[in-house]
Amino acid sequence: MACLKECKEGKLEGDPEEFTLDGSVDWHCCPAIIAKSGTWVAGNIILWNQGLATLAFFGIGVNLVLFLARVMGQDNADAANNVSSWIGTAYLFSLVGAFLSDSYWGRYKTCAIFQTIFVIGLVSLSLLLDLFLIAPKGCGNESIPCGKHSILEMGIFYLSIYLIALGNGGYQPIIATFGADQFDEEHSKEGYSKVAFFSYFNLAFNLGQLFSNTILVYVEDKGKWALGFWVSAGSAFAALILFLVGTPRYRHFKPSGSPLSRICQVLVAALWKWRAEMPSHRGDLYLMDENESSTNGNRKVLKTQGFKFLDKAAFISSRDLEDQELGHYNPWHICPITQVEEVKCVLRLLPIWLCTIMYSMVYAQSASIFVEQGAAMKTRFSHFRIPPASMSSFDIFSVAIFIFLYRRVLNPLTELERMGIGLVTAVMAMVSAGIVECYRLKYAKPGCSLCSGTSSLSILWQIPQYALVGASEVFMYVGQLEFFNAQIPGSLKSFGSALCMASISLGNYLSTLLVSLVMKISTKDHMPGWIPGNLNKGHLDRLYFLLACLTAIDLTIYIACAKWFKSIQHTQEKDEP
């Protein structure tokens, strides 16, 4: 981002009412002018970018479990685990994106770079599939599996899909925060728009997913994997171009340093002074300098009483006074009280964050086990076959409905209350899936579990479980994104979004671990296990009921943590601690 000299040196003059109040700048590093930057002009560009990028990602991801089975020759449990690990890794890369964004590159540059990596991965995968993986020609549909692949082909395949994971994961948490940056929360109208943006962002995400889960899934289910993957690559490229076109309109916040180093500085400084006795007044605490901006728009965090041990990091010792005489403070020996409060905010959020990981385990099933379950049900109606992965469209329809209810009807509820509703709905989704599986097994027929017609129970019976997952997604993920954005200080905003993504990542990894443990225990004494190659010989219902019980326990813990939590409080005055 090129900075004009006069802007960089702070010499620009103008009517203060023309500029944003949150400290944002334009692409020349000048104070952002309200009428010429940000707002819904930039916000809508980002929403379209999100929709196209989501279409590209789920054009690969939503049907990946069947791709691994039909093209790569993997069995049910391995395919489900590989999908969960891949999705988990994609969201884990969000921490990388957040670190680079907050520390060095800024949100705009981070988004541009990782979207470029995303496009490269998709093009590489599409070329590999088109040239080598579909062999013999016409394989990859429900009846014709593909042959074995060389080590080189397998290596390029995994390199490509993990480049996709890196690109998408690295930019996903940043684009949400970057979109919110386009609205000045200190401005009355823009503040409301900023809150609404997260709902529309989630809606754009699900609309992109809707196209991939219907049109692309139908194409891929017919064995036309290459065509589906090339459409995904084209969509990602269009998203990147659209994002770059909006460059002159965006508002930016300068990188404020590594959030991890800021947190570590407070912990080290507090440990360094663990024997120090805290003063009874605040005069001996290090306050934020006039020129410091540790939070969004110079908004400092009010001092709180919890985690008092960390307050020692802001205590001005005799050594700190000596450093001051030399012209500087050592940030590893003393930290401003605002920086200390930032760390306290993160520590208060951790119990809530940990409780969201269990929900992500439940959500992970919709992209893996749900699809395998649907493939073993009656999918043909006359001459038309419903692709199993397309059933997630009911998840998206549910999201669209509940987004409206979330904003219009349930607006008085707090974010924590909405997240709690999400956990309750997740329990209901798993119970519903377990009941459907019981009936599927009752009407099961012998045969391949990935072929249509192994049960006379219609795949449409999956609609309730997908709809409940969609409802829970709105309450949990939209509520979580709003909650973290409100409770994380400005200098750690991207870190807060990354925490949301990291909970999804850990949920997918724990799903992989749970499935592996279940299979290890349930296959003893030569038993087929709960998730065998032929689901008609297994007990997938028990896995669903187990997840329902674990989520119910998690809900109980979450309620206790939510009652304990205390919200962040800001002050606008620069001379207040």
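Student: At a relative accessibility of 29%, does Phe99 count as buried or partly exposed?
Tutor: This is a predicted model, in which local features need pLDDT of at least 70 and side-chain atom pairs count only at pLDDT 80 or more, while totals for chains, interfaces and linings use all residues. Residues are numbered from 1 along each chain as its sequence is written, and side-chain values use heavy atoms, with hydrogens and water left out. Buried means under 20% relative accessible area, exposed over 50% and partly exposed in between (1.4 Å probe, protein chains only). At 29% relative accessibility, Phe99 therefore counts as partly exposed.

Student: What is the angle between the ring planes of Phe99 and Tyr104?
Tutor: Rings of Phe, Tyr and Trp (its six-membered ring) pair if their centres lie within 6.5 Å; planes under 30 degrees apart are stacked, over 60 edge-to-face and the rest tilted. Phe99 and Tyr104 form an edge-to-face pair, with 5.9 Å from centre to centre and an angle between the planes of 75°.

Student: How many residues apart in sequence are the parts tied together by Phe370 and Tyr466?
Tutor: The ring centres of Phe370 and Tyr466 are 5.2 Å apart and the planes lie at 85°, so the pair is edge-to-face. Both Phe370 and Tyr466 are buried. Helices are DSSP runs (H or I, at least four residues), numbered from the N terminus. Phe370 belongs to helix α11 (residues 369–375) and Tyr466 to helix α14 (residues 463–487), so the sequence separation of the parts is 96 residues.

Student: Which residue forms a salt bridge with Asp181?
Tutor: A salt bridge is a side-chain nitrogen of Lys or Arg within 4 Å of a carboxyl oxygen of Asp or Glu, and a search of the whole structure finds five. Asp181 is in the loop between α5 and α6, and its partner, 74 residues apart, is in helix α4 (residues 76–133). At an N to O distance of 2.5 Å, the side chain of Asp181 meets that of Arg107.

Student: What is the C-alpha to C-alpha distance between Asp184 and Lys194?
Tutor: Asp184 lies in the loop between α5 (151–180) and α6 (188–221). With a relative accessibility of 1%, Asp184 counts as buried. Asp184 and Lys194 are ten residues apart in sequence, and their C-alpha atoms are separated in space by 7.5 Å.

Student: Which helix holds both Lys344 and Glu341?
Tutor: The side chains of Lys344 and Glu341 meet in a salt bridge, at 3.1 Å from N to O, and both residues are buried. Being three residues apart, they are separated by about one helical turn in helix α10.

Student: Which helix gives the most to the nonpolar patch?
Tutor: Patches are made of residues with over 30% relative accessible area and no salt bridge, like charges being joined within 9 Å and nonpolar side chains (Val, Leu, Ile, Met, Phe, Trp, Tyr) within 5 Å. Val431, Ile435, Tyr439, Tyr443 and Phe545 form the nonpolar patch, together with about 430 Å² of accessible area (Shrake-Rupley method, 1.4 Å probe, only the protein chains shown counting as cover). Tyr443 is in the loop between α13 and α14 and is partly exposed at 37%. With three residues, the helix that gives the most is α13.

How values were computed:
Helices (H or I, at least four residues) and strands (E, at least two) are DSSP runs, numbered from the N terminus.
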